[in-house]
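Work through these exercises with the structure on screen. Try each task before you read its solution.

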Amino acid sequence: MTYRPRPVSGFPEHLPEIRMAELQMLDRIRATFESYGFASIETPSVEELEVLLAKGETDKEIYTIERLQADENAGGESRLGLHYDLTVPFARYVAQHFNDLVFPFKRYQMQRVWRGERPQAGRFREFTQCDVDVIGIDNLAVTFDAELAAVAMQALEAIGISGVTLHISNRKILNGFLQGLAVEAADRVSVIRAIDGLAKLGTEQTRAMIIAGCKRPNAAEIADKCIALAGIAGEREVLDQVRALGVNHDELAQGLGELHEVLTHLNFLGTTNAVANFSIARGFDYYTGTVYEGRFDDNPGFGSVVAGGRYDDLAGAFINKKLPGVGISIGFSRLFAKLLQDKEITTTRRSPADLLIVLPSEERREQMLTTAQALRKRGFKVETYHAPQKIGKQMSYAEKKGIPFVWFPPFEDGNGHEVKDMTTGAQTPAEIDTWKP
């Protein structure tokens, strides 16, 4: 019986013309990352489960790897899994190659990741992330937090994405604020998660969750203070609004100071579409300082398209050293899917070729091939037609693939080469060594 192929939900694939547009966008992001001195690395698609579980809260999302014919001596347990993000593998990479790296180590990764979650709009099981991170030894300047925010927003500009605001906070602000309100350590995680969900859940539901989470006689008062904090957003001046709430703690003061420094340096770097927003905390437990979320201004429910933050001890899970880091990720597949859905990606070409060289006759094949090689050596992308069919059919092939120029080698001895511009229809004489589009 013939198998009828069908798409696998959550694993997108594109036609050549869409893939070309995707690659061009990835190239622009890569160029932006490298303009700030970030070096490219690539880690394996699979990691040991002990590595993937280092942060401890994503075991339900991990795809494990097993052979179809499992080894009887393997004990029945999977040892490998597909990575679900690029930050944890990066931390493992730094620990493993520690002696060969120059710190602060600045790297970018642009790879596919896999998560076992329910596919929906903007969410896939296989998708591409574009990450930039910096890891230092013992200390890492807060100015790097600003640099990463700037490079991420500049990368969005490079691929034509506008209308995204980067919302920035600092985990120390929420932690310090709750400590100033005498919320027990055991209750702070649930309260912070409730605050982080304010945009989705609304004020009343968030308030109820905070009251349920902090388990104190004055829980309603605490909830009101937290809602007031989470409602503050804007430029650097709003930091004074936090102080005006009358809650004091050293960690809160430190977080506000770091956030002020980040916003100040972002201004120096020309990034104006970033604001302080005290409702964001990010879900990952390893964030300890700055946190970022970039959202569309006109469609906040779409979810974050840029996200990340500072982590002080993630790499320390693999090596006995203090290696603080900060990273930010662009959800490329989510962005690209939105652009496709909104019909903002226009495609006119199904081939990267600059030229198609026609084959006038079998006797002219050698001349066609040598011409193609000479043009390739000059840097042109060249496709050749492989059958001496009617010239009209060869021209139609170039037109369907969006190849912008068609090259005619001499049809008879003594004649010259000619090139046709498929856009204007103009056909002119051409020399192999000097022709330019």
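## Exercise 1: An aromatic pair in a helix

Phe-336 is buried, at a relative accessible area of 2%; buried means under 20% relative accessible area, exposed over 50% and partly exposed in between, with a 1.4 Å probe and protein chains only. This is a predicted model, where local features need pLDDT of at least 70, side-chain atom pairs count only at pLDDT 80 or more, and totals for chains, interfaces and linings use all residues. Residues are numbered from 1 along each chain as its sequence is written, and side-chain values use heavy atoms, with hydrogens and water left out.

**Task.** Classify the aromatic pair that Phe-336 forms with Phe-332.

**Solution.** 
- Step 1. Recall the rule: rings of Phe, Tyr and Trp (its six-membered ring) pair if their centres lie within 6.5 Å. Planes under 30 degrees apart count as stacked, over 60 as edge-to-face and the rest as tilted.
- Step 2. The centres of Phe-332 and Phe-336 are 5.7 Å apart, with 20° between the planes. The pair is stacked.
- Step 3. Helices (H or I, at least four residues) and strands (E, at least two) are DSSP runs, numbered from the N terminus.
- Step 4. Recall the general rule: an α-helix has 3.6 residues a turn, so residues three or four places apart point the same way.
- Step 5. Check the partner. Phe-332 is buried too, with a relative accessible area of 1%.

## Exercise 2: Two packed helices

**Task.** How do α8 and α9 pack, and which residues meet?

**Solution.** 
- Step 1. Two packed helices are described by the angle between their axes and the distance between the axes.
- Step 2. Helix α8 (residues 203-214) and helix α9 (residues 219-230) pack at about 135°, with axes 9 Å apart. Axes are lines fitted to C-alpha atoms, for helices over the stretch in contact, and angles run from 0 to 180 degrees between N-to-C directions.
- Step 3. Angles under 35 degrees count as roughly parallel, over 145 as roughly antiparallel, 65 to 115 as roughly perpendicular and the rest as oblique. Therefore α8 and α9 are oblique to each other.
- Step 4. List the contacts (heavy atoms within 4.5 Å). On the α8 side are Thr-203, Thr-206, Arg-207, Ile-210, Ile-211 and Cys-214. They meet α9 residues including Ala-219, Ile-222, Asp-224 and Ile-227.

## Exercise 3: A buried leucine

**Task.** Which residues does Leu-156 touch, not counting residues up to four places away in sequence?

**Solution.** 
- Step 1. Leu-156 lies in helix α4 (residues 143-158).
- Step 2. Leu-156 is buried, at 1% relative accessibility.
- Step 3. Its contacts are Ile-161, Val-164, Val-306, Ile-330 and Leu-335.
- Step 4. Compare sequence with space. Leu-156 and Met-25 are 131 residues apart in sequence and 9.5 Å apart in space, C-alpha to C-alpha.

## Exercise 4: Around α5

**Task.** How many residues of α5 are buried, and where is Ala-182 found?

**Solution.** 
- Step 1. Seven of the 10 residues of α5 are buried, and the helix is mostly covered.
- Step 2. Among the buried ones are Ile-173, Leu-174, Phe-177 and Leu-178.
- Step 3. The buried residues of α5 pack against β7 (164-170), α6, α9, α11 (250-268) and β10 (290-296).
- Step 4. Ala-182 is in the loop between α5 (171-180) and α6 (185-196). Its phi is positive, about 65°, although Ala-182 is not a glycine. Ala-182 is partly exposed, at 39%.
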